[in-house]
Amino acid sequence: MLYIKERPGENIVVRAARVLDPTEGIDATLDVRIDGGMIAAIGESLDRNEHRVVDGAGLVLTPAFVDPHVHLRTPGREDEETIATGTAAAAAGGFCAILAMPNTDPVVDSAATLGALVETAARQAEVAVGFLAAITRGQKGEELTEMAELADSGAVAFSDDGVPVASAGMMRRALQYASITGRKLALHCEERSLSSDGQVHEGTVAAELGFHGYPSVAESVMVERDLALAGYEGQPVHLLHLSSADSVAALRRARAASIEATAEVTPHHLVLTDEAVRTLDANMKMNPPLRSAEDRTALIEALQDGTIECIATDHAPHALHEKDVPFEAAPFGVTGLETAFAVVHTHLVRGGVLPLATVIERMTAGPARVFGLDRPRVAVGATANLALLDLEREWTVETFKSRSRNSWLLGETLVGQVAMTIAGGAVAFER
Amino acid sequence: MTTIRLVRDDLRPPDKPLRRHCISIADLTRDDLQRLLGTARTFETALDREVKKLPTLKGRLVVNLFYESSTRTSSSFELAAKRLSADTLTLKSAGSSVDKGESLKDTALTLGAYDPDVIVIRHPQIGAPQLVARVTEAHVVNAGDGKNQHPTQALLDVYTIQQQVGRLDGLHVAIVGDVLHSRVARSLIQAFELVGIHTTLVGPPALLPRGMKVPMTTDVDAIRDADVVYVLRMQQERMQAGANYVPSLREYAARWGITPERLRPGQKVMHPGPMNRGVEIDPRVADSVDALVETQVRSGLVVRMAVLYDVLTGGPVGVRALAAAEVA
């Protein structure tokens with residue numbers, strides 16, 4: 001289900017790093033030896049064996065990250081991102097695997113379109129890429145895609161991300177049919193008759209600035225609907241980019257009722273509130289919008305207690321000229337692959353809000369579990385998918401591997417930087 | 001749960017010195033506002049002379065860039081600039097390269113090449129003045145951006161109230177109608193707060209924006225307590241078909257229209273124009289001696305003269321723009 005360009009497995013010894021894999025229960029200063037791309041030994045003072053030696057002193061070695069929500073803009077908008085640039089950006093952010101959304105032009109709704117992506121990824125991807133296919137043809141919400149053939153052709157899951165599946169009846173049919181594929185539906189929850197042309201969270205900021213409100217209830221009523229349908233059909237669902245406290249409460253109730261539902265949250269919803277919109281910076285414009293301080297707190301709590309199992313960037317590259325317009329005219333979305341760990345580390349880990357181990361779990365094992373992927377791990381016999389992190393390093397967000405630069409963190413100083421990423425047994429990024 | 005510092009609340013606007021703009025009332029201090037009102041008063045006195053032109057801005061270039069139709073605001077700015085002897089250039093979106101799909105940024109860059117001293121902009125999208133301020137060297141005056149701000153309207157209204165009622169502090173103004181779609185209301189609320197005027201918002205439930213931090217009521221009888229009733233235009237052009245903010249204009253007029261019966265004798269009535277007679281305002285009210293609509297228009301001229309003068313000549317306290325983010 002995941003595709004990466006072929007490279008020989010490397011021979012590396014990482015010396016004396018703090019090795020942290022919460023899922024494996026490791027947190028100790030150790031050496032890790034990689035033989036031909038596989039983790040061969042974890043211990044103290046390991047033999048070098050003619051391997052390349054990477055000094056890990058003062059650094060943290062963790063499983064590399066998995067991003068379940070990326071827009072690679074290919075096919076159709078290769079000026080904004082390609083598989084090559086998007087996966088290079090992912091590698092720079094410490095990711096060994098990413099999942100790409102199907103809202104491209106054309107939409108990934110046929111085996112032919114998916115097949116072309118898979119072929120390109122197998123030649124160009126710097127880190128492993130999986131592709132989601134659409135739930136409905138053209139994401140129009142009218143006809144189901146040929147999910148069985150798409151699953152056979154490599155689709156990891158199904159999503160109409162970018163637009164909601166408006167009709168409850170269509171959602172039910174999708175849940176029923178997806179069951180034969182063993183793949184999940186990943187749902188963009190938005191009731192369009194409530195969000196209408198809203199751009200900013202409905203609250204004091206939108207009221208004072210004159211923006212049409214996009215109320216949190218536009219998300220939560222759809223979350224409630226989809227969870228009810230998932231429960232009725234007994235099918236699992238994954239909720240994309242949750243933004244509101246009401247949605248979190250609905251998810252908690254559903255999970256308590258044994259409905260198989262998972263969810264993700266983005267770094268920007270964890271760190272910002274709608275107050276940031278007062279800057280009128282078009283890089284503060286996302287869908288779902290930044291919400292209230294109470295919503296943000298609920299999201300952080302849900303991530304901490306595991307109700308929300310993963311952090312997802314919703315990396316959404318846009319051409320510079322398309323964002324360099326008045327806020328109201330700008331498209332929704334911001335990039336995030338290259339800053340995700342650093343910004344969460346800076347504002348939540350260093351801020352004392354979330355433990356580092358929790359963040360690592362929610363960026364590695366969490367998303368892998370949700371989509372049934374192999375979990376990146378620090379364990380003998382596992383393929384080397386590792387991130388070497390310098391938690392003390394201060395850096396300013398200026399340049400990107402991504403082809404786009406619509407980052408809400410442009411010019412900001414962050415603490416904590418990815419020093420090296422090993423993906424699929426080979427070095428994919430090195431500073 | 002640990003208290004979380006709101007990230008970025010200390011980041012913008014940056015404290016680097018900014019060119020003087022007039023983009024939002026939120027950027028003004030009480031002193032700025034008082035100074036502007038004082039300057040406007042000076043100009044009004046000057047306009048009583050037989051020759052009304054002042055040499056103050058001779059040789060300066062004021063560009064009026066209007067992306068929305070406007071009669072009173074564009075003519076008022078143009079005349080204000082001319083009364084101060086500035087050169088003026090007025091561009092309306094129809095018939096310009098905007099029709100050919102030119103972006104606001106490119107239009108602003110093109111106009112910026114003429115080194116205008118001031119660009120007055122009206123645009124249907126929030127944030128347009130900030131963009132112009134970022135990409136040109138001109139002082140930017142906001143003549144209305146989407147539903148966000150219309151600062152010179154608020155200034156002229158405060159000036160009108162000061163001249164007609166004689167005081168500002170402690171007054172009570174009821175703003176009635178379609179607050180949701182009104183940039184005038186947003187600028188007024190901020191300006192009133194600066195000068196100590198109490199505001200009550202009155203209108204249909206769906207047209208009172210959630211989260212506004214001033215008293216709101218759907219009961220039109222609340223206008224009885226006000227010294228001034230400020231009537232907003234029912235902005236039909238902003239009403240999406242089928243949005244159902246109100247069932248009909250007829251019902252709106254019956255329930256919230258300002259009629260002589262709903263007013264106390266002597267209560268002043270204001271309206272930013274253009275009026276929909278028979279909808280938000282009864283024609284008898286519009287034509288009564290207590291309606292200040294024409295005074296507002298006259299105030300608009302001197303207040304806009306004051307704004308142009310102020311951004312160009314400066315004073316100890318700046319009219320600062322809400323800083324737009326630098327996009328490299």
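Let me start with one pair of residues: A:Arg33 stands opposite A:Ala41 in β3(A). Before going on, note that this is a predicted model, in which local features need pLDDT of at least 70, side-chain atom pairs count only at pLDDT 80 or more, and totals for chains, interfaces and linings use all residues. Residues are numbered from 1 along each chain as its sequence is written, while chains are lettered from A and ligands numbered from 1 in the order in which they are written.

Back to that pair. Strand β2 (residues 26–35) of chain A pairs with strand β3 (residues 38–43) of chain A in the antiparallel sense, over five bridges. Strands here are DSSP runs of E with at least two residues, helices are runs of H or I with at least four, and both are numbered from the N terminus. Two strands pair if DSSP finds at least two bridges between them. β2(A) and β3(A) form a hairpin with two residues between them, and A:Gly36 in the turn has a positive phi of about 55°.

Now chain A as a whole. Its secondary structure comes to 14 helices and 18 strands. The radius of gyration of chain A is 21 Å, close to the 22 Å that the globule rule gives for 431 residues, so chain A is as compact as a globular protein of that length. That radius is taken over C-alpha atoms, and the rule is 2.2 Å times the number of residues to the power 0.38. Along the principal axes, the C-alpha atoms of chain A fill a box of roughly 65 × 45 × 45 Å.

Next, chain B. What is the strand order in its open sheet of five strands? The order is β7-β6-β5-β8-β9, with parallel pairing. β7 (216–217) and β9 (268–270) of chain B stand at the edges with a single partner strand each, so one side of each has no neighbour in the sheet. Inside this order, four bridges join β5 (residues 172–176) of chain B to β8 (residues 228–231) of chain B. B:Val176 has B:Val231 as its bridge partner in β8(B).

Last, two helices of chain B. The axes of α5 (residues 151–165) and α6 (residues 183–195) of chain B come within 8 Å and cross at roughly 50°. Axes are lines fitted to C-alpha atoms, for helices over the stretch in contact, and angles run from 0 to 180 degrees between N-to-C directions. The angle makes α5(B) oblique to α6(B); under 35 degrees would count as roughly parallel, over 145 as roughly antiparallel, 65 to 115 as roughly perpendicular, and the rest is oblique.
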